[in-house]
Amino acid sequence: MQRDSVIELGVLGLLAERDASAADLQERFNHNFGRHQFVGRGRLDPTLARLRDRGHVTEAYTAEAGTCALTERGRDRLQTLLRKPVAAVDDPSHRPHFLVKLGFLHHLPADEQAAELAHLEDQFHEARNEWLDVATMHREEVPPHESYRLELVELTADLLDAQLKWVRRLREEVEPDREPKAPTDG
């Protein structure tokens with residue numbers, strides 16, 4: 001998902017929770033996601049203008065005054081963006097999409113939340129296994145004096161494993177009656 005679409009997802013998600021001024025949206029977005037996707041007024045104001053022009057928000061002004069509100073069309077757009085898959089969970093450039101999506105996933109019906117989380121769980125599982133395969137290859141092919149490369153690969157696999165466990169836990173919260181998936185290797 002492109003950076004502007006991630007900002008759009010964040011703005012729509014924030015407005016689904018309450019009407020807000022542009023300044024309030026900027027503050028709330030950066031408070032929640034700023035370490036992963038900072039948004040300044042140079043990105044926010046054009047995003048609000050596009051959303052207004054498309055009928056997704058009303059009364060979106062670029063000045064500090066004014067209140068933005070989500071329309072029904074905007075709610076539909078939010079749900080469409082929430083259903084877009086994260087392209088590559090092991091690619092750090094896609095982390096903002098992943099985190100903003102999780103931040104607003106509760107705006108989908110519970111069964112769709114569970115389906116999105118199941119898809120993410122599968123993605124993390126597959127990516128982690130691919131990195132574990134790379135680690136195996138490194139153990140066989142990388143000279144001992146370059147062991148830091150193996151450690152970096154193992155760190156990546158460990159990070160993916162931690163995210164996999166987190167997504168599993170979130171899914172279990174959404175689907176409390178579901179039989180837990182037996183971990184195959186992690």
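Reader: What should I keep in mind about the model and its numbering?
Author: This is a predicted model, where local features need pLDDT of at least 70 and side-chain atom pairs count only at pLDDT 80 or more, while totals for chains, interfaces and linings use all residues. Residues are numbered from 1 along each chain as its sequence is written, and side-chain values use heavy atoms, with hydrogens and water left out.

Reader: Happy with that! What makes up the secondary structure of the chain?
Author: The chain has 7 helices and 2 strands, in the order α-α-α-β-β-α-α-α-α from the N terminus. Helices (H or I, at least four residues) and strands (E, at least two) are DSSP runs, numbered from the N terminus.

Reader: Why is H4 called a helix, and what span is expected for it?
Author: Helix H4 covers residues 72–83, 12 residues in all, and a helix needs at least four, so H4 qualifies on length.

Reader: How do you know which residues of H4 are buried or exposed?
Author: Buried means under 20% relative accessible area, exposed over 50%, and partly exposed in between (1.4 Å probe, protein chains only). Gly74, Leu78, Leu81 and Leu82 are buried, whereas Glu72 and Arg73, on the other side of H4, are exposed.

Reader: Why do you say the buried residues of H4 line one face?
Author: Seen down the axis of H4, they fall within an arc of 100°, so they line one face of the helix. The arc is that of the directions from the helix axis to the C-beta atoms.

Reader: What makes a set of residues a nonpolar core?
Author: The members are buried Ala, Val, Leu, Ile, Met, Phe, Trp, Tyr and Cys residues joined through side-chain atoms within 4.5 Å. The largest such core has 40 residues, with Val11, Leu15, Leu25, Phe98 and Leu120 having the most contacts inside it. H1 gives the most to this core, with 8 residues.

Reader: What does Phe98 touch beyond its neighbours within four places in sequence?
Author: Contact means heavy atoms within 4.5 Å. By that rule, Phe98 is in contact with Val86, Leu120, Phe124, Gln163, Trp166 and Val167.

Note on methods: Expected span 1.5 Å × (residues − 1).
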